[in-house]
Amino acid sequence: MQNKALEDELVRCKKWIKAALRYSGGTHTYEDVADNIRSGKQQLWPAEQSCVVTEIISYPRKKTIHIFLAGGNMDEIHSMQPDVMAWAKHYGCEKMTMAGRKGWARANLKIGWKESLVLMEK
């Protein structure tokens, strides 16, 4: 995405990014996410009524694509997964991960996701 187009999409998707950040435990601000996207550390997947933010995580033995944030229309977000997975596979990712609130688990278990870990915090 060209710089101007990226900036336009960041502005358009800001409401969904900020809404998703409310559930992130205070780890990032919108500005942090926007900077990470601009630098290439994270990727923005904009759609008409939603967006997804991903990041590639390289472990010693495997690469994964992690869905860091998603917000907007759930059906549209679900429809984006094949494109995200194909892109990630091109970059050597073998697995897709996501953490989120319980409502996201219920919605995603219906489309082939499985619950593998529980994230707890104190």
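This is a predicted model: local features need pLDDT of at least 70, side-chain atom pairs count only at pLDDT 80 or more; totals for chains, interfaces and linings use all residues.
**Stop 1: helix α3**

Select residues 74–90. This is helix α3, with 17 residues. From first C-alpha to last, α3 reaches 25 Å, close to the 24 Å expected at 1.5 Å a residue.

Now step back to N73. This residue caps the N-terminal end of α3. Show its side chain: an oxygen there lies 3.1 Å from the backbone nitrogen of D75.

Move along the helix to Q81. A kink of about 30° lies here, shortly before the proline P82.

Next, colour the buried residues of α3. They are E76, I77, H78, M80, Q81, V84 and A88.

Go past the end of α3 to G92. Just after the helix, G92 takes a positive phi of about 90°.

**Stop 2: the aromatic cluster**

Show the rings of W45, W87 and Y91. Ring pairs link these three residues into a cluster. The structure holds 2 aromatic pairs.

Start with W45 and W87. Their ring centres are 5.6 Å apart. The planes stand at 80°, and over 60 counts as edge-to-face, so this pair is edge-to-face. The pair links distant parts of the chain: W45 sits in strand β1, W87 in helix α3, 42 residues apart.

Then take W87 with Y91. This pair is tilted, with 4.7 Å centre to centre and 45° between the planes.

W87, at 26%, counts as partly exposed. Y91 also counts as partly exposed, at 41%.

**Stop 3**

Follow W45 into its strand. Select β1, residues 43–46, and then β2, residues 50–58. The two strands pair in the antiparallel sense over 4 bridges. A hairpin joins β1 to β2 through 3 residues.

While the side chains are on display, keep one rule in mind. In a regular strand, side chains alternate between the two faces of the sheet.

**Stop 4: a charge over a ring**

Finish at K15 and W16. What sits over the ring of W16? The charged end of K15 does, 4.5 Å from the ring centre.

Conventions
Residues are numbered from 1 along each chain as its sequence is written. Side-chain values use heavy atoms; hydrogens and water are left out. The expected span of a helix is 1.5 Å times one less than its number of residues. The bend at a residue is the angle between axes fitted to the seven residues ending there and the seven starting there. Buried means under 20% relative accessible area, exposed over 50%, partly exposed in between (1.4 Å probe, protein chains only). A polar contact is a pair of N or O atoms within 3.5 Å; within protein, one must be able to donate a hydrogen and the other to accept it, and residues adjacent in sequence count only if both atoms are side-chain atoms. Rings of Phe, Tyr and Trp (its six-membered ring) pair if their centres lie within 6.5 Å; planes under 30 degrees apart count as stacked, over 60 as edge-to-face and the rest as tilted. A charge sits over a ring if NZ of Lys or CZ of Arg is within 6 Å of the ring centre and within 35 degrees of the ring normal. Two strands pair if DSSP finds at least two bridges between them.
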